[in-house]
Amino acid sequence: MAEPARAKPKPTPETQHFWDGTKAGELRLQRCDACANVYFPPRPFCPSCASRKVSVFKASGKGKLYSYVINHRPAAPGFTPPYAIAVVELDEGPRMMSNIIDCPQTPEALELDMPLEVAFEALDDKITLPLFRPAKG
Amino acid sequence: MRRNQVAVVGAAETTELGVIPNMSQIQLHADAALNAIADAGLKLSDIDGFATAVETPQQMAHYLGITPTWVDGTSVGGCSFMLHVRHAAAAIEAGLCKTVLITHAESGKSMIGKQPRFTAPDSLNGQFESPFGVYGPPSMFPIPVLRFMKTHGITHEQLAMVAVVQREWAAKNPRATMKDPITVADVLNSRMIAYPFRLLQCCLVTDGGGALILTSADRAKDFPRKPVYILGTGESVETPMVSQMKTFDSSRAFKVAGPLAFKEAGITHKDVDHLMIYDAFAHLPLYGLGDLGFMPYEETGKFIADGNTRPGGKLPLNTNGGGLSYMHSGMYGMYALQESVRQMRGIAPAQVPNAKISVCHGVGGMFAASGTIIFTNEK
C-alpha cells in the first residue's frame with residue numbers, strides 16, 4: 001500500500017497561472033496595473049483598489065522567515081515530524097505559507113528574518129510546490 | 001445599537017461537561033437548550049428567534065420543535081455565539097422577534113454525530129496552506145506567535161504563565177476538567193505539540209454545550225433570574241488563512257471588534273471588572289489584552305506573569321479556567337459567554353466581588369473572526 005501522500009492542491013481558473021508558474025520554475029505574483037499593489041493569493045482583481053486590470057509577473061523568489069511552528073503532533077499525511085510550517089515574507093511584500101528545506105527543523109537553525117530563496121518540488125506531473133531554503137550568500 | 005435594550009434571561013451549559021459518550025452532538029444542543037429554557041422559566045413555544053453554528057438552524061429548530069420567525073446561522077468558528085448575541089440584540093430591537101435562543105454544542109471528544117472537518121483541495125486553504133503540512137488547529141493557530149514574541153519581547157516563561165494562572169481559576173470551578181495546580185516548569189516540560197507550544201498551552205478537547213436566551217430589557221425584569229444586559233457589541237472577520245493575516249503582531253479582527261464594543265458601551269478599560277478572552281492557545285490572552293487596548297503589547301506577558309489576572313488580581317481574566325483548563329469542545333465562545341453571565345448574575349464559582357461590567361471577547365478560526373460582547377448587571 002502506498003504511503004499516505006501530502007495534501008495536493010487543485011488549481012482553479014483564478015490560480016492556474018500560479019501553478020503553471022511553479023511547474024515552469026517560476027514564482028508568480030500579481031500586481032495591480034492601477035495602484036501597483038502586489039498581492040497573494042491569486043485573484044483577477046486588486047484586493048486593495050478593486051481594479052480588474054492586473055498583471056502576472058515573475059517574483060524574485062527571495063524572502064525572509066516571518067514566523068513558523070515546528071509541528072510534532074498530529075503530523076499531516078506525507079510528513080515526518082518534527083517539521084516546520086513556515087510563513088515566508090517575499091521581497092515583493094506578500095507572505096505565503098511554505099516549508100523550509102535544506103535546514104535542520106530546530107528553533108536554533110530556524111531564525112526569524114533569516115533570508116530564504118524559493119526551491120521547487122514536483123509532487124507529480126501537474127503540481128509543483130514552492131518551498132524555501134536558506135539563501136546562499 | 002443602543003445600550004442595555006436587550007438582556008440575557010436564560011443561560012445554561014449541558015448537564016455534563018467533559019466526556020459525554022451517551023449523547024450525539026444534536027442532543028447536546030438540545031440538553032443545553034432545555035436547561036436554558038428551564039433557567040428562564042419559559043416553554044419551547046415561547047422561542048420565536050433561533051441562532052446556532054455548525055449545526056444548521058433548520059436542523060436544530062426541527063429537532064427542538066420550535067418555529068422561529070428569525071434565524072441566524074452565522075458560523076465563523078468559536079466566536080459565532082458572540083456574533084449571534086449581537087445579531088439577536090439588533091433583531092429584538094428591530095422587532096423581528098421577542099425571545100431568542102442561541103445554542104452551541106459539540107461532541108468534540110466522543111465525535112458522535114459530528115461531521116468531520118474537510119478542506120477542499122481547490123479552496124484557497126487547500127491550495128496554499130494544506131500542502132505544507134497544517135493539520136488541525138495546533139499546527140495553525142500558533143504560527144503567528146514567534147513573530148509576536150520577537151516584536152513585543154514576550155518570553156516562553158510568560159506564555160507558560162498564562163496556563164499556570166488559568167489553572168488557579170479552574171481549581172475554584174468544580175466543573176472544570178483540569179483542576180490540579182501546575183507550575184511554569186510543568187508547562188515547559190509538557191509534551192511538545194507545535195513549537196513553541198506544548199500540551200499545557202493548548203486547549204482541552206471535550207464534549208459539551210451551552211445555550212443563551214435573550215429578550216428585551218423591558219420584558220427581562222419579569223423573568224426569574226437577574227437580567228444581564230448587553231452594553232456593547234462588536235464583530236469582524238479577517239481571513240480563513242492564518243498565513244494571510246495582515247500582521248502577526250496583532251489581530252485585525254480583534255482590533256476591529258473589541259474597540260467597537262467599548263465605543264458602543266461607552267466605557268473605558270478601567271471600568272472593566274471581569275474579562276474573558278477566548279484562549280484556544282496560550283497566546284490569545286496576550287493578543288486580546290493588546291488588541292482590545294488594555295495595555296501596550298510589550299506589557300501583556302509581564303502583566304499576566306506578575307499575577308494581575310489571577311484570583312485576587314486587579315483584572316480577573318478567564319475565571320472559569322478557560323479553554324486551557326475548563327473545557328473546550330471545539331467552539332469555546334459559548335462557555336466564555338456563560339462565565340460572563342454567571343459573573344454578572346453573581347453566581348460564578350469563582351465570583352469576582354461586586355463585578356458590574358464583564359467583557360467577553362471571542363475568536364473564530366485561526367484569528368479568522370472575532371466577536372466582543374460587553375455585559376452589565378446594572379441598567
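**Reading strands and a chain contact**

In this predicted model, residues 59–121 of chain A are 0% helix and 46% strand, and the end C-alpha atoms of that span lie 17 Å apart.

Q: What feature does UniProt place at residues 59–121 of chain A?

A: The unreviewed UniProt entry places "domain: ChsH2 C-terminal OB-fold" at those residues of chain A.

Q: How do strands of a sheet pair?

A: The pairing is made through backbone hydrogen bonds, and the strands run either parallel or antiparallel. Strand E1 (residues 28–32) of chain A is joined to E3(A) by five bridges, and Arg31(A) has Ser55(A) as its bridge partner in E3(A).

Q: How many residues does each chain bring to the contact between chain A and chain B?

A: Chain A brings 31 residues and chain B brings 28 residues. On the side of chain A that touches chain B, strand E4 (62–71), strand E5 (83–90) and strand E6 (95–98) of chain A each give two or more residues, and E4(A) gives the most, with six residues. Sorted by class, this side of chain A has 19 nonpolar, seven polar and five charged residues.

Q: Which strand of chain B is joined to E4(A) by bridges?

A: Strand E5 (residues 192–195) of chain B is joined to E4(A) by two bridges, and these strands run antiparallel. Asn71(A), for instance, has Ala194(B) as its bridge partner in E5(B).

Note on methods: Residues are numbered from 1 along each chain as its sequence is written. Chains are lettered from A and ligands numbered from 1 in the order in which they are written. This is a predicted model: local features need pLDDT of at least 70, side-chain atom pairs count only at pLDDT 80 or more; totals for chains, interfaces and linings use all residues. Two residues are in contact if their C-beta atoms, placed from the backbone, lie within 7 Å. Helices (H or I, at least four residues) and strands (E, at least two) are DSSP runs, numbered from the N terminus. Ala, Val, Leu, Ile, Met, Phe, Trp, Tyr, Cys and Pro count as nonpolar, Asp, Glu, Lys and Arg as charged, and the others, Gly among them, as polar. Two strands pair if DSSP finds at least two bridges between them. UniProt positions are given in the numbering used here, feature names are shortened, and annotations may be inferred rather than shown by experiment.
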